[in-house]
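Hi,

Here is the structure I promised to pass on.

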Amino acid sequence: MSGSRACVIVLDGVGAGALPDADRYGDVGSDTLGHVARVAGGLALPNLEALGLGNVEPLEGCPPSASAPAVAGRLLERSKGKDSTTGHWEMMGIVTTTPMPTYRHGFPPEVIEPFSEQTGRGVLGNKAASGTEIIRELGAEHQRTGRWIVYTSADSVFQVAAHEQTIPLEELYAGCRIARGILTGSNAVGRVIARPFTGEPGHYVRTPNRHDFSLEPPRPNDLTSIREAGEKVYGVGKISDLFAGCDIDESHPTKSNLEGIDETERLLRELESGFVFVNLVETDTLWGHRNDPVDFHRSLQDFDRRLPDLLEALRPGDLLVITSDHGNDPTTPSTDHSREYALLLAYAKGRSADGRVHHGEFADIGATVDAWLGGRPPEGFPGHPFLRPS
């Protein structure tokens, strides 16, 4: 064991400008951070600004800094996709070269029929839709009939919505496990997602009891290498879900960003060594998918207000990386993810980067954490460290 510590915080959906191949995904011109800054009349994120956010890309209200303490820049995604699974996997050295299947016109009979039969319930929907819109459209019929609401998006996902008073949570989760077992081979979607909701017709709201059932990631990857070096991996938020529990020593699921920040701070204050891997999802799920740039900015401000607590919890020699997994530009007509660069802010406690800029790829994150914690990834593994322990 190295005795070193590293923490990666993923601000879900906070992209930093369209990737060169964004035209293949219908995302030309997307720029989540830049467009949110414009709508806000300039970003009001003083702590992220002090760290070096203005060096990521041109941002209204957030000027660049030649003396910023964090390495800043943008990271290119090589995987074929624009969702949380491909983004987080690639951060840990797993490049998805074959796109995971998507179903813009709904799932075929060989998926829906066994799902209905094995769960003992029929299906409503079976189409691409916004999650909030489809429960508004079909929630009352779902409650009347007891049928699942099944839907998808531009991502490789099979989503199952159910009212918590109509179908108990454990039955919803069990149904999703059945779907995960069916969705294999050519139908191996990246994630099956349980989407519980409550409320009355016309006033339905999704609850924090979402659960993701991902494919198992290929191994070895950077998490494998970190653990082989004798360090533990602590997943906060939906990290364990995204990696199907593989190479995660402890999982700390959360119901909100603030809870995730609290848990991250606690781990940083208590752990002697290891890797804390965090996903803060609300910028994506609550505001990006709902095309709400104002509250998207407020969610970033919630994180910014707590950033000093996280920085104070670091010890000399610790590494903190703040990044993102894809875009979700709330200013575009689409409610789907967008194909964008990830932002990068990387800070080593006790060292200043003096405004250094690094433009690389997603896998550089895992390569850097691996090097920081003494891991030895296989020869030719993706990614290049942008910081090394002194």
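Is Leu258 buried, exposed or partly exposed? Leu258 is partly exposed, with a relative accessible area of 43%; buried here means under 20% relative accessible area, exposed over 50%, and partly exposed in between, using a 1.4 Å probe and protein chains only.

Before the rest, a word on the ground rules. This is a predicted model, so local features need pLDDT of at least 70 and side-chain atom pairs count only at pLDDT 80 or more, while totals for chains, interfaces and linings use all residues. Residues are numbered from 1 along each chain as its sequence is written, and side-chain values use heavy atoms, with hydrogens and water left out.

**Helix α9 and Arg306**

Leu258 sits in helix α9, residues 257–270. (Helices are DSSP runs of H or I with at least four residues, strands are runs of E with at least two, and both are numbered from the N terminus.) Not counting residues up to four places away in sequence, Leu258 touches Asp302 and Arg306, where contact means heavy atoms within 4.5 Å. Leu258 and Arg306 are 48 residues apart along the chain, and their C-alpha atoms are separated by 8.6 Å.

Arg306 turns up again with Glu265, which is also in α9. Glu265 is buried, at 15% relative accessible area. Its side chain and that of Arg306 are joined by a polar contact of 2.8 Å. (A polar contact is a pair of N or O atoms within 3.5 Å; within protein, one must be able to donate a hydrogen and the other to accept it, and residues adjacent in sequence count only if both atoms are side-chain atoms.) Leaving aside neighbours within four places in sequence, Glu265 is in contact with Arg306, Asp309, Leu310 and Ala313.

**Helix α4**

In α4 (109–119), the buried residues are Val111, Ile112, Phe115, Ser116 and Thr119. Seen down the axis of α4, these fall within an arc of 115°, so they line one face of the helix; the arc is that of the directions from the helix axis to the C-beta atoms. The face turned away from that buried side carries exposed Glu110, Glu113 and Glu117. The cover over the buried residues of α4 includes β4 (123–128), β5 (148–152), β6 (157–163) and α6 (169–182). Gly120 follows α4 and has a positive phi, near 75°.

The largest pocket has a volume of about 670 Å³. On a 1 Å grid over the protein atoms alone, a pocket is an open set of points with protein on both sides within 12 Å along at least five of seven lines, whereas a cavity is a set where a 1.4 Å probe fits but cannot get out; lining residues have an atom within 4 Å of a point. Grid points are joined across faces, edges and corners, and the volume is the space filled by probe spheres set on the points.

Its lining has 27 residues, with Pro208, Asn209, Arg210, Thr254 and Lys255 nearest the centre. The largest share of that lining, three residues, comes from α10. By type, the lining of the largest pocket divides into seven nonpolar, eleven polar and nine charged residues. (Ala, Val, Leu, Ile, Met, Phe, Trp, Tyr, Cys and Pro count as nonpolar, Asp, Glu, Lys and Arg as charged, and the others, Gly among them, as polar.)

The second largest pocket holds about 310 Å³ of space. It is lined by 27 residues, and Ala129, Ser153, Gln159, His289 and Asp336 lie nearest its centre. Elements giving two or more residues to this lining are α5 (131–145), β5, β6, β7 and α10, and β7 gives the most, with three. This lining splits into six nonpolar, eleven polar and ten charged residues.

**Loops worth a look**

Ser338 is in the loop between β13 (319–323) and β14 (340–348), and counts as buried at 2% relative accessibility. A polar atom of the Ser338 side chain lies 3.3 Å from the backbone nitrogen of Asp329.

The peptide bond from Arg219 to Pro220 is cis, with omega near 5°; Pro220 lies in the loop between β9 and α7 (222–228).

Ala244 is in the loop between α8 and β11 (250–252), and Asp247 is found in the loop between α8 and β11 too. Ala244 has a positive phi near 50°, and the phi of Asp247 is positive at about 65°. Ala244 is partly exposed at 30%, while Asp247 is buried at 6%.

Cheers
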